[in-house]
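Dear colleague,

Please find below the structure that I am handing over to you. My notes on it follow directly after.

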Amino acid sequence: EVSVTFAYKNQEPTVTERGVTEAIQIKGSEKTDIYQNIVARFDIKDDLTEDGQLRYEITDVPKNGALFIGDHKVTNNTSDTNDQWKKLAYQFDYDMATLTTDSFKFKVIDKDNIQSQPKQVNIDISWLPPDIKGDIDVDVDVSTPYWTSLGIKSDGHDFVKKYVVEIAPS
C-alpha cells in the first residue's frame with residue numbers, strides 16, 4: 001500500500017508594476033498621503049492571504065524626506081498592518097534634502113511570513129511657495145521711482161528659501 005499526501009506550497013506575494021512609470025508627485029513640504037499612489041502603481045496579490053491581512057515593510061527609507069503612519073515616523077525593517085499601510089504619508093525634508101527627487105523600497109509579507117521581493121517607489125518634489133496670508137510687516141523705502149526688490153536667497157538646492165517681493169512705483 002502506498003500513501004501519498006499532496007500539500008500546497010505557499011507562494012511569495014506578488015507585487016507587479018501596473019505600467020505607471022512617472023514618479024509620485026509631491027507638492028510642498030506638508031505630509032502627503034501616498035497610499036493611493038502606490039495602489040495605482042502596483043498590483044499586490046497573495047495566493048493564500050486576503051488583501052486586508054497582508055503586512056508591509058519598508059526596506060529602504062527615503063533620503064530626502066520621511067515616511068509616516070499618523071505621527072509615527074516609519075523606519076527600515078518595521079512591519080505595518082494593512083490598515084496602517086493605508087495611512088502611509090511622505091513628507092519632504094526641506095532643510096536636509098539635497099535633491100528634489102526621492103525613493104523608498106517596500107516588500108509585502110503574507111500570513112506565513114513569506115516575503116515578496118522589494119519594490120521601489122519614486123517620488124518627485126515640486127517645491128511651491130507657501131500661501132502668504134494675513135498681515136506682513138516689511139520695512140522698505142518706496143520713495144524712489146524704481147522697482148524695489150526685497151531679496152532672494154538660494155540655499156544651494158534646486159529651490160529657493162526666500163521669495164522676492166517687488167514693489168512697483170505708483
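In this predicted model, the charged end of Lys 31 sits over the ring of Phe 68, 4.2 Å from the ring centre. The criterion for a charge over a ring is that NZ of Lys or CZ of Arg lies within 6 Å of the ring centre and within 35 degrees of the ring normal.

Residues are numbered from 1 along each chain as its sequence is written. Local features need pLDDT of at least 70, side-chain atom pairs count only at pLDDT 80 or more, totals for chains, interfaces and linings use all residues, and side-chain values use heavy atoms, with hydrogens and water left out.

Aromatic contacts

Three aromatic pairs are present in the structure; rings of Phe, Tyr and Trp (its six-membered ring) pair if their centres lie within 6.5 Å, with planes under 30 degrees apart counted as stacked, over 60 as edge-to-face and the rest as tilted. One of the pairs, Phe 42 with Phe 106, is edge-to-face, at 5.5 Å centre to centre and 80 degrees between the planes. This pair links distant parts of the chain, since Phe 42 belongs to strand 4 (residues 42–45) and Phe 106 to strand 10 (residues 101–109), 64 residues apart. Helices (H or I, at least four residues) and strands (E, at least two) are DSSP runs, numbered from the N terminus.

Phe 42 counts as buried at 5% relative accessibility, and Phe 106 is buried at 0%. Here buried means under 20% relative accessible area, exposed over 50%, and partly exposed in between (1.4 Å probe, protein chains only).

Trp 85 and Phe 106 form a tilted pair, 5.3 Å centre to centre with 45 degrees between the planes. Trp 85 lies in helix 2 (residues 82–85) and Phe 106 in strand 10, so this pair ties together parts that are 21 residues apart in sequence. Both Trp 85 and Phe 106 are buried. One aromatic cluster is formed by Phe 42, Tyr 56, Trp 85 and Phe 106.

Strands

Strand 4 has a covered face, made of Phe 42 and Ile 44, and an uncovered one, made of Asp 43 and Lys 45. Strand 1 and strand 4 run antiparallel and are joined by four bridges; two strands pair if DSSP finds at least two bridges between them. Asp 43 in strand 4 is the bridge partner of Thr 16.

Strand 6 (residues 65–69) pairs with strand 7 in the antiparallel sense over two bridges, and His 72 in strand 7 is the bridge partner of Ile 69. Thr 32, in strand 3, is partly exposed at 23% relative accessible area. The C-alpha atoms of Thr 32 and Leu 67 are separated by 9.4 Å, although these residues are 35 apart along the chain.

Loop residues

Asn 77 has a positive phi of about 65 degrees although it is not a glycine. Asn 77 is found in the loop between strand 7 and strand 8 (79–81) and counts as exposed at 54% relative accessibility. Asn 113 also has a positive phi of about 65 degrees without being a glycine. Asn 113 lies in the loop between strand 10 and strand 11 (119–126) and is exposed, with a relative accessible area of 52%.

Yours sincerely
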